[in-house]
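Here is a short note for a colleague who will go through the model point by point. Please read each paragraph with the coordinates open.

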Amino acid sequence: MQGGAKGPGIFFIMPCIDSYARVDLRTRTYDIPPQEVLTKDSVTVSVDAVVYYRVSNATVSIANVENAHHSTRLLAQTTLRNTMGTRHLHEILSERVSISGTMQLQLDEATDAWGIKVERVEIKDVRLPVQLQRAMAAEAEAAREARAKVIAAEGEQKASRALREASEVIGASPAALQLRYLQTLSAISAEKNSTIVFPMPIDLITYFLKSNDAATQQLAEAAVAAMDATDKQRLTETEKTS
């Protein structure tokens with residue numbers, strides 16, 4: 001048709017002279033079938049995606065390529081395989097947004113000569129082999145257990161420090177020791193058990209401890225005196241024999 005693209009609106013066509021082709025300028029969606037891809041670290045994965053594109057120049061899409069839509073879809077499949085083949089598995093799983101943006105730029109640049117505008121590319125799903133899924137699950141479980149052990153060890157360390165500080169405070173203050181003693185008795189009496197607890201004053205316990213220390217000291221002194229007497233007796237017997 002002379003004059004290039006027409007419409008929307010009313011226009012006339014000369015029979016047997018002019019020819020026309022209708023071009024839909026609305027955005028189209030293309031689901032890329034699952035593609036078997038070998039990643040950079042030699043792992044086989046199945047990836048599928050979706051491409052949103054539209055015709056930006058109707059004249060170029062008809063004049064420069066035989067079938068713009070079919071060509072765009074084939075190019076989308078090959079671009080998906082090529083892009084995934086240059087990435088490691090962990091990058092494919094964690095950097096989907098970045099990979100989608102890279103594919104969108106590559107497709108848009110390649111299809112610009114066909115009058116096609118690629119608006120968006122989204123990776124739908126990445127399917128891994130069953131054995132690899134089990135291995136990754138076991139690795140994640142081991143990592144969680146290791147973190148739990150580290151957290152438990154840190155908790156024990158903090159608790160031991162707190163107990164040491166508490167013991168120092170209680171040891172430096174007799175009143176604090178008395179309060180702790182009463183608190184322990186209250187906790188024991190609150191439980192349902194058959195144990196009968198008779199409170200004993202701290203002063204009395206201290207007296208018994210001091211008495212025990214004095215008795216121990218007296219026993220030690222008596223033992224030393226007995227050893228001295230034995231040595232003197234042996235010395236006397238030796239002199240008599242001489």
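The numbered points below run from the overall layout to individual contacts.

1. Basis of the note. This is a predicted model, in which local features need pLDDT of at least 70 and side-chain atom pairs count only at pLDDT 80 or more, whereas totals for chains, interfaces and linings use all residues. Residues are numbered from 1 along each chain as its sequence is written, and side-chain values use heavy atoms, with hydrogens and water left out.

2. Overall layout. The protein chain has seven helices and three strands, where helices (H or I, at least four residues) and strands (E, at least two) are DSSP runs numbered from the N terminus. Along the sequence these elements follow the pattern β-β-α-α-α-α-β-α-α-α. Of the 242 residues, 20% count as buried, a class that means under 20% relative accessible area, with exposed meaning over 50% and partly exposed lying in between (1.4 Å probe, protein chains only).

3. Helices H2 and H4. Two packed helices are described by the angle between their axes and the distance between the axes. The axes of H2 (residues 68-85) and H4 (residues 96-111) come within 10 Å and cross at roughly 140°, which makes H2 oblique to H4. Here axes are lines fitted to C-alpha atoms, for helices over the stretch in contact, and angles run from 0 to 180 degrees between N-to-C directions. Angles under 35 degrees count as roughly parallel, over 145 as roughly antiparallel, 65 to 115 as roughly perpendicular and the rest as oblique. The crossing of H2 and H4 is right-handed; a crossing is right-handed if the near helix is turned clockwise from the far one by less than a right angle, and left-handed if anticlockwise.

4. Salt bridges. Eight salt bridges are counted, each being a side-chain nitrogen of Lys or Arg within 4 Å of a carboxyl oxygen of Asp or Glu. One of them joins Glu119 to Arg54, with the closest N and O atoms 2.7 Å apart. Because Glu119 lies in strand E3 (residues 116-127) and Arg54 in strand E2, this pair ties together parts that are 65 residues apart in sequence. Glu119 is partly exposed, with a relative accessible area of 36%, and Arg54 is also partly exposed, at 29%.

5. Two further bridges. Asp24 and Arg26 form a salt bridge whose closest N and O atoms are 3.0 Å apart; Asp24 is partly exposed at 26% relative accessible area, while Arg26 counts as exposed at 62%. Arg87 and Glu95 form another, with the closest N and O atoms 3.6 Å apart. In that pair Arg87 is buried, at 15%, and Glu95 is partly exposed, at 33%.

6. Contacts between separated residues. Arg28, in strand E1, is partly exposed with a relative accessible area of 29%, and its C-alpha is 5.7 Å from that of Tyr52, although Arg28 and Tyr52 are 24 residues apart in sequence. Asn67, in the loop between helix H1 (58-63) and H2, is partly exposed at 38%. Asn67 and Trp114 are 47 residues apart in sequence, with a C-alpha to C-alpha distance of 9.2 Å.

7. Ser42 is placed in the loop between E1 and strand E2 (44-55), and at 59% relative accessibility Ser42 counts as exposed.

8. A nonpolar surface patch. Phe11, Ile13 and Tyr20 form a nonpolar patch on the surface, with about 290 Å² of accessible area together. Patches are made of residues with over 30% relative accessible area and no salt bridge, like charges being joined within 9 Å and nonpolar side chains (Val, Leu, Ile, Met, Phe, Trp, Tyr) within 5 Å; accessible areas come from the Shrake-Rupley method with a 1.4 Å probe, and for residues only the protein chains shown count as cover.
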